[in-house]
Amino acid sequence: MPGLLRYTTKQASVAMMEATFNSDYDAMLLELETFVQEEAEDEYAQIFALILANNGVMSEELRAEVRRRLSRLIETIYKRSEQLYSPWYMESFGHVSSLSTEQVLAVTGASAVSAALSRTSSVVERLIATIEKTIPSTPQLPVSDFDQDIKRIARRLALTESNGAVGTIIQFTAVSAFGTAFLYKRWISVGDERVRHTHRIAASKPPIPVTSLYRVGDTFMRFPADPQAFGGNVAAEVINCRCRSLVIPRTSNQPNSFALNSFLLGNSI
């Protein structure tokens, strides 16, 4: 696990909190994306082999099998996200929660499966359509001839799904540990030249209650890369988004409570 978030020490300024958050988040996201790409490459190779063995035709029976495999892949992404990010969040904030880490992790484990099912219902058919477009009308070709295509679509899935899964899991974990009354969140960008203008604006705003939605351009999101985003040009704001949401509880029993609460409530520090 990366270096733990140290929001709860007297020296933890807002700038230090966000820097540590980004550092830890990036390290685990890279691990997650690598894991997802490897899992996706293996699954896609097996799917391609099944389709080619069926003369390139996606029968209803085969479509059901492909749907099952992709659903399992999405569930794997959410479960792995939960395994990485929920313990990390609880190491940082668990001491100010009325629930034990074990109690919270039991809830987030079930939540990860539920979120995966929800995501599956909205994305699997699009993934199948991508596969069908990639398989040409030359079923006699071996799977090895599609290696680059498999790597490409696996990489796209890893980048598209991982950050959204992580945002889901972090918010689930925070809400499970603290409820919603005292939780706030702030949009954070990675701060480089690739960050979209609308995302820079979102990152310049003060924290908002965890139950509120971020407005990014004309799109509304619970967190960056939100798979349930809605409003304007959702695809332009969600796809390949590398931003993240920092979720912090408002407390009164830690050394830096005054500074943190002033930050969360939008007061000067």
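**Close-up views of a predicted model**

The structure holds 8 aromatic pairs; rings of Phe, Tyr and Trp (its six-membered ring) pair if their centres lie within 6.5 Å, with planes under 30 degrees apart counted as stacked, over 60 as edge-to-face and the rest as tilted. In one of them, the ring centres of Tyr-85 and Trp-88 are 5.5 Å apart and the planes stand at 90°, so this pair is edge-to-face. This is a predicted model, in which local features need pLDDT of at least 70 and side-chain atom pairs count only at pLDDT 80 or more, while totals for chains, interfaces and linings use all residues. Residues are numbered from 1 along each chain as its sequence is written, and side-chain values use heavy atoms, with hydrogens and water left out.

**View 1. Overview of the chain.** The chain contains 7 helices and 6 strands; helices (H or I, at least four residues) and strands (E, at least two) are DSSP runs, numbered from the N terminus. Read from the N terminus, the order of elements is α-α-α-α-β-α-β-β-β-β-α-β-α. Of the 269 residues, 47% count as buried (buried means under 20% relative accessible area, exposed over 50%, and partly exposed in between, with a 1.4 Å probe and protein chains only). The chain exposes about 12600 Å², of which carbon and sulfur atoms supply 54%; accessible areas come from the Shrake-Rupley method with a 1.4 Å probe, and for residues only the protein chains shown count as cover. Among contacts (heavy atoms within 4.5 Å) with a separation of 6 or more, 73% join residues 24 or more positions apart.

**View 2. The aromatic cluster containing Tyr-85 and Trp-88.** Ring pairs link Phe-21, Tyr-25, Tyr-85 and Trp-88 into a cluster. Tyr-85 and Trp-88 are 3 residues apart in helix α2 (residues 60-93), and are therefore separated by about one helical turn. Both Tyr-85 and Trp-88 are buried.

View 3. Helix α1 (residues 14-53) has 40 residues, which at 1.5 Å a residue should span 58 Å; the C-alpha atoms at its ends are 57 Å apart, in agreement. The expected span of a helix is 1.5 Å times one less than its number of residues. Asn-55, which follows α1, has a positive phi near 60°. Within α1 lies Leu-29, which counts as buried because its relative accessibility is 9%. Leaving out residues up to four places away in sequence, Leu-29 touches Tyr-85, Ser-162, Asn-163, Val-166 and Arg-244. Leu-29 and Val-166 are 137 residues apart along the chain, and their C-alpha atoms are separated by 8.1 Å.

View 4. Arg-244 lies in strand β6 (residues 244-249) and counts as buried because its relative accessibility is 1%. Its side chain makes a polar contact with the side chain of Asp-26 at 2.8 Å. A polar contact is a pair of N or O atoms within 3.5 Å; within protein, one must be able to donate a hydrogen and the other to accept it, and residues adjacent in sequence count only if both atoms are side-chain atoms. Neighbours within four places in sequence being set aside, the residues in contact with Arg-244 include Phe-21, Tyr-25, Asp-26, Leu-29 and Arg-186.

**View 5. Arg-186 and two backbone oxygens.** Arg-186 is found in strand β1 (residues 183-188) and is buried, with a relative accessible area of 13%. The side chain of Arg-186 reaches the backbone oxygen of Ala-203 at 2.5 Å and that of Lys-205 at 3.4 Å.

**View 6. Charged side chains over aromatic rings.** A charge sits over a ring if NZ of Lys or CZ of Arg is within 6 Å of the ring centre and within 35 degrees of the ring normal. Arg-80 lies over the face of Phe-35, at 5.6 Å from the ring centre. Lys-185 lies over the face of Tyr-214, at 5.0 Å from the ring centre.

**View 7. Loop residues with positive phi.** Ala-225 has a positive phi of about 60° although it is not a glycine. Ala-225 is located in the loop between β4 (219-221) and β5 (230-231) and, at 5% relative accessibility, counts as buried. Asn-240, also a residue other than glycine, has a positive phi near 60°. Asn-240 sits in the loop between α6 (234-238) and β6 and is partly exposed, with a relative accessible area of 42%.
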